[in-house]
Amino acid sequence: GWRGGVADLRGLPPPGAGAPPAAAGAPPASGRCDRFRSRLVAGDEGGAWGVVESLLASGVRPAEVLLELLAPALRDVGDAWAAGRLSIADEHRATAVASRIVARLGPSHARPGRRRGTVLLGSPSGDRHALPTAILADEHRGAGLEAVDLGPDTPPAAFADAARAADRLVAAVVTVTTSAALAGVPGTVAPVRRAAPGVPVLVGGGAVPDAGASRWLGSDGWAPSTEELVELLDSLAPRRVG
């Protein structure tokens, strides 16, 4: 589901509706990507941030840094760990540095003006990956939406409470990155529907392979990439909050 952002965080299509205007900067070059990945694995936050700063200074948008640099680097680290080329300590160290980079980039995604509605994001019980929803939340903030990120391992009742309390809720997004957490998705979707009747609930992530699987889990919609998910929610916001 939305392969490219929530799932394994691949690629960034051209900017879509509601996204900030693209700057003139070029996307990250392969040499920078390699250097950034090596700094993540080494646990070198300063070196990794230096790569990010150089890209921002050249005009690359923060969204592109997340989706064309950070996300592919993490995917490569995960693949290397799965293949036995990196240890679990290497993977955890890289993830910790990446989390701090995402946090440092966070304020740069905010757009001036009144928020056009709220998007609720989180992962179901048993899914302990925090970065996918954090990255998605920043993308939605860049599109002028308020993003409430519940993070990983969110109990169904907490998801429902947050949906009930959200101001002008546009959609609830359930992100699933591990197959072990799939069984808990319907038990998350149902309480959200009861708490916020009529609000779309979208299910995606690395553990959700296609639109059919998403529908089977109770999803109201499907987006094959992060950019298309942002566009979808951007199109829903005027109708829901207009």
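Let's start with strand β4, where Val201 and Val203 point one way, Leu202 and Gly204 point the other way, and all are buried. Buried here means under 20% relative accessible area, exposed means over 50%, and partly exposed is in between (1.4 Å probe, protein chains only). The strands, like the helices, are DSSP runs numbered from the N terminus: helices are H or I with at least four residues, strands are E with at least two.

Before going on, note that this is a predicted model, where local features need pLDDT of at least 70 and side-chain atom pairs count only at pLDDT 80 or more, while totals for chains, interfaces and linings use all residues. Residues are numbered from 1 along each chain as its sequence is written, and side-chain values use heavy atoms, with hydrogens and water left out.

**The sheet**

Where does β4 sit? It belongs to an open sheet of four strands, in the order β2-β1-β3-β4, with parallel pairing. β2 (146-149) and β4 (201-204) are the edge strands, each with a single partner strand, so one side of each has no neighbour in the sheet. On average, neighbouring strands of this sheet are turned by 20 degrees against each other, direction ignored. Two strands count as paired if DSSP finds at least two bridges between them.

Strand β3 (residues 169-175) is joined to β4 by four bridges, and the two run parallel. Looking at individual partners in β4, Val173 has Leu202 as its bridge partner, and Val174 has Val203. Helix α7 (residues 185-195) packs on the sheet and touches β3 and β4; its direction makes about 165 degrees with that of β4. Contact means heavy atoms within 4.5 Å, and the axes behind such angles are lines fitted to C-alpha atoms, for helices over the stretch in contact, with angles running from 0 to 180 degrees between N-to-C directions. Together, β3, α7 and β4 form a right-handed β-α-β unit. Right-handed means that, with the strands pointing away from the viewer, the path from the first strand over the helix to the second runs clockwise.

Now for β1 (residues 118-122): five of its five residues are buried, so the strand is largely enclosed by the rest of the structure. Thr118, Leu120 and Gly122 point one way from β1, with Val119 and Leu121 pointing the other way. β1 pairs with β2 in the parallel sense over four bridges, and Thr118 stands opposite Glu146 in β2. To get from β1 to β2, the chain passes through helix α5 (residues 131-142), and this β-α-β crossover is right-handed too. β1 is also joined to β3, by five bridges, again running parallel. Here Gly122 has Val174 of β3 as its bridge partner.

Is Ser214 buried or exposed? With 0% relative accessibility, Ser214 counts as buried. Ser214 has its place in helix α8 (residues 211-216). A polar atom of its side chain lies 2.7 Å from the backbone oxygen of Val203. Setting aside neighbours within four places in sequence, Ser214 is in contact with Val203, Val208, Ser219, Gly221 and Trp222.

Side chains of opposite charge can pair when their charged atoms come close. A search of the whole structure finds 12 salt bridges, a salt bridge being a side-chain nitrogen of Lys or Arg within 4 Å of a carboxyl oxygen of Asp or Glu. Three of them are listed here.

| Pair | N to O distance |
|---|---|
| Asp34 and Arg37 | 2.7 Å |
| Arg37 and Asp76 | 3.1 Å |
| Arg75 and Asp76 | 3.7 Å |

Asp34 and Arg37 are three residues apart in helix α1 (residues 30-42), which means they are separated by about one helical turn. Asp34 is partly exposed at 41% relative accessibility, and Arg37 is partly exposed at 23%. Through shared partners, the salt bridges join Asp34, Arg37, Arg75 and Asp76 into one network.

Conventions
A polar contact is a pair of N or O atoms within 3.5 Å; within protein, one must be able to donate a hydrogen and the other to accept it, and residues adjacent in sequence count only if both atoms are side-chain atoms.
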